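Trainee: I would like to learn how to read a model of several chains. Could we take it feature by feature?

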Amino acid sequence: MNDPSFTTFLFGQLSWGALPFVRAWRDPNISEIIGAGAGAIVVLGAFGAIALITYLRAWKFLWTEWFTSLDHKKIGIMYVVLAGIMLSRALIEAVLIRTQQAVAINAPGYVQPEHFAQLFTTHGSIMIFFMAMPFLTGLMNYVVPMQIGARDMAFPYLNSVGFWLTVAGAGLMMVSLAVGQFSTGGWSGYPPYTELNFSGGPGPDYWIWAVTLSSLGSSTVGINIACTIYKFRAPGMTFFRLPLFCWTSLCTAILMIFAMPPLTVATLLLAADRYAGMHFFTDDGGGNMMNYVNLFWLFGHPEVYIVVLPAFGVYSEVISAFSSKELYGYKSLIIATMAIAILSFTVWLHHFFTMGQSASVNAAFGIATMTIGIPTGVKIYDWILTMFRGEVRFTPSMVLSLAFMVTFVLGGFTGIILATPPLDYMMHNTLFLVAHFHNMLIPGTLYGLLAGYMFWFPKAFGFRLNEGWGWISAGCWISGFYLAFFPLYVLGASGMARRTQQVFDPAFRPWLLIALFGAFLLLTALITLFVQLYVSIRDRHANAVPVGDPWDARGLEWSVSAPPPEWNFATIPHVGDRDAFYWRKRAGGAYRPADHYRDIELPRNTACGVIIGIAAAALCFGLVWRIWWMAVLFGFLVVATVIIRSFMRDVTRTIPAAEVEEADRRWLAQAHAARPVPREQEQSGLNQGRAKIFPQPTAKHA
Amino acid sequence: MTATTVGPALLHAGLNLDHASREEAAQVQSDVFGFWVFLMSDAVVFALLFALFGTSLEATAGGPDLAGVVKLGPAFIETMLLLASSFSFGMGSVMLKRGAKPRLMKHFRPAVLWLALTWVLGVAFLGMEVNDFATMAREGATPDRSFFLSAFSVLVGTHGMHVLIGIIWMPVLLLQLAAGGLDRPLKVNMIRLSLFWHFLDIVWIAIFSVVYLQGALR
Amino acid sequence: MTSPTIERGEVRGILLGYGLALLLTLSAFGLVVFHLLTRRQAFYTVLGLGLVQMLVHFRFFLHIDFRRNSRPDLQLLLFSTLIVALMVGGTLVVLFNLHGRMM
């Protein structure tokens, strides 16, 4: 049994040295100890979670109510939970990066270069693939079916599979903390550095498979959202009556469908180089790294629009709701969104202006890049004009939206600078670039996702979030962002490169210290978010809004109880206008029982998605460590599950009409018993989710 | 039925789908359209592999180039096999609509025979392709030799892998036909497989034009 | 259950599609094997024949036409073609530009 070839067969390239605890034991410096600490947190966290759930006897509940559910609302919430966990990890990594750069000025700092490189790689990979994508997917999953008047997504089972594949990828990223190490090649993973001859360890393989799993999940989401919006709109909900969030979700879905394939090709061909000795991107055998760069950014540019468009959708909803006013320029917003979506496929080269193309090629892409600023500007003006002459309420969501409008535009200006090839030659790969893209991602994407979380939380859980902590959190996010990133503009313009583990110019010190302080503010912002959640759960009975419309908002999702029934709508509504629910409230037609209740067919729970996810994770783990029997076994399991599922016929269950009616009438009784609150009182305990409607002189029909 | 229908009626001519309700119609149309969307993302994958192939033609690293690797004879036979299989699948689809009593297998005998023929042609195609790659390996034209050979092998090989998926998918569906008759989920699955199979033949048109015929021209 | 007339029509469609595709394939192979055109002409003719054959497959095997019930599929195909053209065209322009400047 000590036969080396049998051990290699069983364990692949795994060895004791793969464990960070063993590495820290052998070489106890701060860098290794931090690594071991992170690994320990993963292991203890996993065991701790299992122990806690077992102690609470919650396995059956979690399994039947959440993990195996095909309900878009449950899957949406689970996506957001996943995003929250990964946000925590990646933000801590950011603090570590900032700390290293602030202390390593003509000094070695506390993390070694190899470790530092892993930090910025995991930070970027997690934030994009396992924080932003799941977060926005979760919001779209939750909200879109309800906004269009549907009961679920077009493909509920595919929804579950996509979610569990994403979890598998996230799991792989977490496992890499405890077994082996991660890639040091940045979130973009450029070869030839990530080829076997320069990065022979498991790192790039972890990266490849985690990203591939995530991108497969995202592809399924794109197909699902597109078909849902295309085919399952309620009667009367024409395209030009869709809420803006649905329009941005549709454009996001289109981007996902067409932008994920280049990433899949790039990562799988890199895998072909690493596993089968091929020469796509190697520095010998005729390989060409520029093919990778080109493919990656064919994906990468639409990707940044994938993460920002849902946020734009949230801003449209939030600004309209909290300005107590109809969205200004509905059609122009739609055209701008579609223009952004199409143009996003024409600009990818601006990510590699410096790689040797002729000036004409660079200029063409530079001009295209600047063009994208125009529809974005149209949207900003539309939002400003929405607020104009409205009654603006400064809820935390609205505060984030206002901060977005100012901060994002500033970042957009720096984008125009970078879009000019000669200027980009000086700024590329400096901290100026890092500041620019964080300026787009944090005020653009993150504020939007957080605003959406706070906006729809009462709908999902039936009680409002604590507003005070929301303001504190928003304040920390906003000030933290400015302090953490504006110094980086100065540093980048002064010549400091990105991704540097050590700094050699003492003049950079004050800026780096300000940036470090900003990073701690951002960490505080995250912590206050969790405090807000804790306080809100503690006060959930006082802040309950069961009737379901705490903000006097406009979309169909607000016309059902909070939390909504599993089937969303007792009867599918007939939609006569844009903002139909808003006008129905004003015409006195809201909170009416249905004429006729019917049986409702819903998808049955299934373990298939979970099994596919777990098997995919094991398959990829086996691939990372060259444990071939594991890869083959779990690969078969994935295929077998897919095939067996296709044989299943009993995949739906029926909710009897009587049950639907009973639930509906119970909610309607609550609605009629509830005291309607005017907007000034919406943040008080008096708000039960029913808005006070003042008679309108000219009410539109519902 | 209200007058305000959303979206056009998507009646796929492949199989009769007698719709029981508006919701079911929407679900079936969405099921088929969703698969079209997936095929389009797959088309992007193939398109990019073609683009990579285009940039690889001169990166032969001293090894075999396109002219040296392409053999028109087998390529022609493979093309004929795949085209014939598209024809036989089409015939099978039409025959599937004949089943008046969807649970009786004997009503489906012509359909099953046409589909079995499709399967045999597909397996023959794959067999020839495997043989082609084995010949190339014997001649030293392995994918790890150069970027060009990597690009060629992955382009043609990815198409082959898709054919293999179809080869596995087909008997699974025939098994379901025998087990449960031609119910609605199976009809939808059949439509998806037919889209998949025809799509593969369309990709092959690009392959034999851009890879094999271009190679023979050099 | 389809009526025999409709079935005959459908079979005819498949036979016509197969026949056209066969013709286009044989033409493409033929003009290469028998050296009927110059290399450059042959390359573009082969591409053209291939494109036409793809359209034949779409029309006769996949039932994509200009009728109302195919329109969403057609729109999807056209949009995908646009994206593919941008991506492939862009890739070739960029990579050949880089290649030229490397030499």
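**Reading the model, chain by chain**

Mentor: Start with helix α12(A). Its buried residues pack against α10 (289-322), α11 (330-343), α13 (396-418) and α14 (421-427) of chain A.

Trainee: What ground rules apply here?

Mentor: This is a predicted model: local features need pLDDT of at least 70, side-chain atom pairs count only at pLDDT 80 or more, and totals for chains, interfaces and linings use all residues. Residues are numbered from 1 along each chain as its sequence is written, while chains are lettered from A and ligands numbered from 1 in the order in which they are written.

Trainee: How are helices and burial assigned?

Mentor: Helices (H or I, at least four residues) and strands (E, at least two) are DSSP runs, numbered from the N terminus. A residue is buried if 20 or more other C-beta atoms lie within 10 Å of its own, exposed if 12 or fewer, and partly exposed in between; the C-beta atoms are placed from the backbone. In α12(A), the buried residues include Asn362(A), Phe365(A), Lys379(A) and Trp383(A).

Trainee: What span does helix α12 of chain A reach, and what is expected?

Mentor: The expected span is 1.5 Å times one less than the number of residues. Helix α12 (residues 359-387) of chain A has 29 residues and reaches 43 Å from first to last C-alpha, close to the 42 Å expected. Just after α12(A), Arg389(A) takes a positive phi of about 65°.

Trainee: Which domains does the assignment give for chain A?

Mentor: Domain bounds come from an automatic or database domain assignment. For chain A, that assignment gives domain 1 (58-544) and domain 2 (608-650). Their C-alpha centres lie 29 Å apart. The contact between them takes 18 residues from domain 1 of chain A and 11 residues from domain 2 of chain A. Two residues are in contact if their C-beta atoms, placed from the backbone, lie within 7 Å.

Trainee: Which element gives the largest share of the domain 1 side in chain A?

Mentor: α7(A) does, with 11 residues. The elements giving two or more residues to that side are α7 (156-178) and α8 (203-231) of chain A. For classes, Ala, Val, Leu, Ile, Met, Phe, Trp, Tyr, Cys and Pro count as nonpolar, Asp, Glu, Lys and Arg as charged, and the others, Gly among them, as polar. The domain 1 side divides into 14 nonpolar, 3 polar and 1 charged.

Trainee: Is Gly622(A) buried or exposed?

Mentor: Gly622(A) counts as buried because it has 20 C-beta neighbours inside 10 Å. Gly622(A) lies in helix α19 (residues 608-624) of chain A. Beyond four places in sequence, Gly622(A) is in contact with Ile627(A), Trp628(A), Met630(A), Ala631(A) and Phe634(A). Gly622(A) and Gln13(A) are 609 residues apart in sequence, yet 9.8 Å apart in space, C-alpha to C-alpha.

Trainee: How do I read a nonpolar core?

Mentor: In soluble globular proteins, nonpolar side chains tend to be buried together. A nonpolar core is a set of buried Ala, Val, Leu, Ile, Met, Phe, Trp, Tyr and Cys residues joined through C-beta atoms within 7 Å. Here the largest core has 310 residues, and those with the most contacts inside it include Cys620(A) and Leu155(B). The largest share of this core, 22 residues, comes from α10(A). Cys620(A) touches Leu172(A), Trp209(A) and Leu213(A), not counting residues up to four places away in sequence.

Trainee: How many residues of chain A are in contact with chain B?

Mentor: 38 residues of chain A are in contact with 34 residues of chain B. α9(A) gives the most to the chain A side, with 10 residues. That side divides into 23 nonpolar, 12 polar and 3 charged residues.

Trainee: And chain C against chain B?

Mentor: There, 40 residues of chain C are in contact with 42 residues of chain B. α1 (4-33), α2 (39-61) and α3 (71-102) of chain C each supply at least two residues of the chain C side. By class, that side has 25 nonpolar, 9 polar and 6 charged residues.

Trainee: Where does pLDDT stay under 50 in chain B?

Mentor: pLDDT is the predictor's confidence in each residue, from 0 to 100. Chain B averages a pLDDT of 88, but pLDDT stays under 50 over residues 1-14 of chain B. Where pLDDT is low, the predicted coordinates should not be read in detail.
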